[in-house]
Structure formats: C-alpha cells, structure tokens
Amino acid sequence: MSGGLAIGFVGFGEAAYHIAKGLRQPGIDGIAAYDIHTNTPGLGDKIRQRAAETATRLTESNAELIGSCEIVFSTVTSNQAACAAGQNAPFLRPGQLYADLNSVSPALKQSIAGMIGASGAGFVEVAVMAPVPPYGHRVPMLAGGAAAAGFAERMLPFGMRIEVAGPEVGVAAATKMFRSIVVKGLEALMTECVLGASKYGAESRVFASLAESFPGIDWPALADYMVGRVVVHGERRAREMEEVAETLRALEIEPIMAEATARRMDWSARRGLKARFRGEAPRSYREVIEALETD
C-alpha cells in the first residue's frame with residue numbers, strides 16, 4: 001500500500017460503476033467490489049465489463065472485500081440493504097467506515113446503523129440526491145450519522161459533493177424519500193401521460209399546452225428522459241416508493257401518490273421493458289410506445 005485510500009463497493013450496479021469511475025484517481029490506492037451477480041448469466045457480463053473499465057477488483061466474498069478496504073459503500077437495491085448490512089457486519093472492524101447509499105426509510109437506516117455500530121465500525125447514512133449519471137462521483141450527497149463528518153472529510157478531497165445533515169441517522173434518508181415523491185411521481189405521471197396521448201396522436205398538443213402553463217421546459221425532451229428512467233430503473237424505483245409509502249404510514253399519512261407511483265414503476269418491470277432495451281435507456285419515449293405495440 002502506498003498510503004492512499006482503499007475503497008470497496010457492496011453491489012456493483014450503475015451507481016457503483018459511475019462512482020468508481022470517478023474515484024479512479026491519484027490518492028485512491030485501490031477499488032474493489034463484491035456483487036452476488038458476478039457469475040449470473042447476463043448480469044455478470046455487465047458487472048465484469050464495468051469492473052474492467054474502472055480497474056475495479058472483483059472479490060469472491062464479503063469477507064475478502066471488507067478485509068481489503070477502509071471505506072465500504074453499500075450500493076445494492078433498497079430491498080437488500082438490511083441483508084447486505086447483516087452479511088458484512090461480522091467482517092467489519094473499528095476504524096472502517098460503512099456508508100449506506102441505498103434508498104430506504106429512516107427507520108431502516110437506523111436499524112442498519114445498529115447492526116454496523118455493533119461491529120465497532122463507523123456508520124454513515126448517505127442520501128444520493130440526483131441520478132448518479134451524469135454526475136458520477138460528484139453527484140450531490142447528503143450524509144448523516146456520527147461518522148458523517150469524518151466520511152465527508154476523507155472523501156471531499158477526491159471531488160465528492162457531500163453535505164453533512166448532522167449526527168442523527170434518519171434525517172438524510174427522510175430528505176431523499178420525500179423528494180422522491182415528487183421526482184418519481186413526475187416520472188410516473190409523464191409515462192402515463194404519453195401512453196394515453198399517443199393513442200390519439202395528441203402528444204405534440206399536450207406538450208405545447210404544458211409549455212404554455214410551465215414555460216422554459218423542453219417537454220418532449222423531458223418525456224424522453226423520464227420515460228427512459230422508468231424503463232431502466234422501474235423495479236428499483238418501485239421498491240424505493242414502497243419504502244416511502246411505509247414511512248408515510250408510520251407518520252399516519254395515507255400514501256396515495258407514493259403507492260400509485262410504485263404501481264406504475266412495477267408496471268414497467270412486469271412488461272419487461274428493461275430487458276427489451278438491454279438495460280439501456282431508450283432514445284425516446286416513442287421507442288417505448290412502439291415496443292409496447294409489438295407485444
């Protein structure tokens with residue numbers, strides 16, 4: 001070791017790939033990752049390709065990953081965040097930092113903090129406040145927990161954009177979750193809008209009317225982008241919105257919009273749109289309409 005920082009990723013999907021790509025710079029000694037799908041047909045090919053592109057070493061186990069790094073980023077799907085923490089906690093040691101970047105409820109973040117804290121390692125809840133691409137490792141993040149300030153101090157020199165919410169675990173997660181009601185809700189609304197409007201060839205007039213009411217927005221381009229996000233991330237977003245719904249119920253707020261958004265996201269997953277486009281975003285919402293018409 002040259003004295004630089006060693007980073008590890010639990011899960012090596014899109015977010016981890018783009019963050020790792022940006023962190024491949026002087027001062028980072030090495031980047032490693034463990035993903036349970038490394039040897040899964042289809043999924044494993046993309047993981048290995050991304051690892052090769054970012055010079056990320058793929059490990060064979062959680063124990064090997066944890067033993068090789070100082071800071072661990074948990075970047076799995078939201079429904080696997082607690083499971084991942086439970087699998088990694090036995091191998092963590094004092095002095096290490098475990099940063100959970102997954103979109104889960106404040107209560108679940110607090111539960112994970114307890115699991116990680118029992119190991120002696122520092123826990124950081126991280127809310128990723130924008131899509132990771134095109135920002136990469138510079139995507140805005142909100143960090144919370146007793147170890148958050150130390151985490152920010154160590155990562156800011158590498159260009160990461162981290163705002164510390166404070167020592168309390170849950171505040172960052174709550175900020176991200178309630179923002180998601182709007183962001184993911186807009187994606188669901190836009191998808192439903194063009195699905196219906198396209199049946200009558202009415203999209204251009206709908207967009208023109210929206211531009212009159214909300215000037216300064218390129219509505220066709222926004223539709224292409226938002227529908228593409230639903231195609232690629234529908235299943236993950238559905239699980240995230242289920243977490244939002246549970247959080248709202250705990251606050252005695254009926255999650256009408258959160259549940260509806262989750263249903264639209266799950267619709268995309270059930271129709272197999274991600275596989276249809278080989279995991280890449282379609283170039284336009286029209287491509288999605290055409291794909292659905294061929295079913």
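This is a predicted model: local features need pLDDT of at least 70, side-chain atom pairs count only at pLDDT 80 or more; totals for chains, interfaces and linings use all residues.

Residues are numbered from 1 along each chain as its sequence is written, and side-chain values use heavy atoms, leaving out hydrogens and water.

**How the helices pack**

- Helices here are DSSP runs (H or I, at least four residues), as strands are (E, at least two), numbered from the N terminus.
- Helix α8 (residues 171-198) packs against helix α9 (residues 203-213) at about 135 degrees, with axes 9 Å apart; axes are lines fitted to C-alpha atoms, for helices over the stretch in contact, and angles run from 0 to 180 degrees between N-to-C directions.
- That makes α8 and α9 oblique to each other (under 35 degrees is roughly parallel, over 145 roughly antiparallel, 65 to 115 roughly perpendicular, and the rest oblique).
- On the α8 side, the contact (heavy atoms within 4.5 Å) uses Met 190, Cys 193, Val 194, Ala 197 and Ser 198, and α9 brings Glu 203, Val 206 and Phe 207.
- Next, α9 meets helix α10 (residues 219-250) at about 110 degrees, with axes 9 Å apart, so α9 and α10 are roughly perpendicular.
- Here Phe 207, Leu 210 and Ala 211 of α9 touch Trp 219, Pro 220 and Ala 223 of α10.

**The nonpolar cores**

- A nonpolar core is a set of buried Ala, Val, Leu, Ile, Met, Phe, Trp, Tyr and Cys residues joined through side-chain atoms within 4.5 Å; buried means under 20% relative accessible area, with exposed over 50% and partly exposed in between (1.4 Å probe, protein chains only).
- The largest core has 35 residues, and Ile 7, Phe 9, Phe 12, Phe 73, Phe 151 and Met 155 touch the most other members.
- Helix α1 (residues 14-23) gives the most to this core, with five residues.
- Leaving aside residues up to four places away in sequence, Phe 9 touches a list of residues including Ala 16, Ile 19, Leu 65 and Phe 73.
- There's also a second, separate core of 22 residues, with Tyr 34, Ile 66, Phe 123 and Val 169 among them.

**A buried threonine**

- Thr 59 sits in the loop between β3 (57-58) and α3 (62-67).
- With a relative accessible area of 5%, Thr 59 counts as buried.
- A polar atom of the Thr 59 side chain lies 3.2 Å from the backbone oxygen of Ser 61.
- Beyond residues up to four places away in sequence, Thr 59 touches Ala 32, Ala 33, Tyr 34, Glu 64 and Leu 65.

Definitions and conventions: A polar contact is a pair of N or O atoms within 3.5 Å; within protein, one must be able to donate a hydrogen and the other to accept it, and residues adjacent in sequence count only if both atoms are side-chain atoms.
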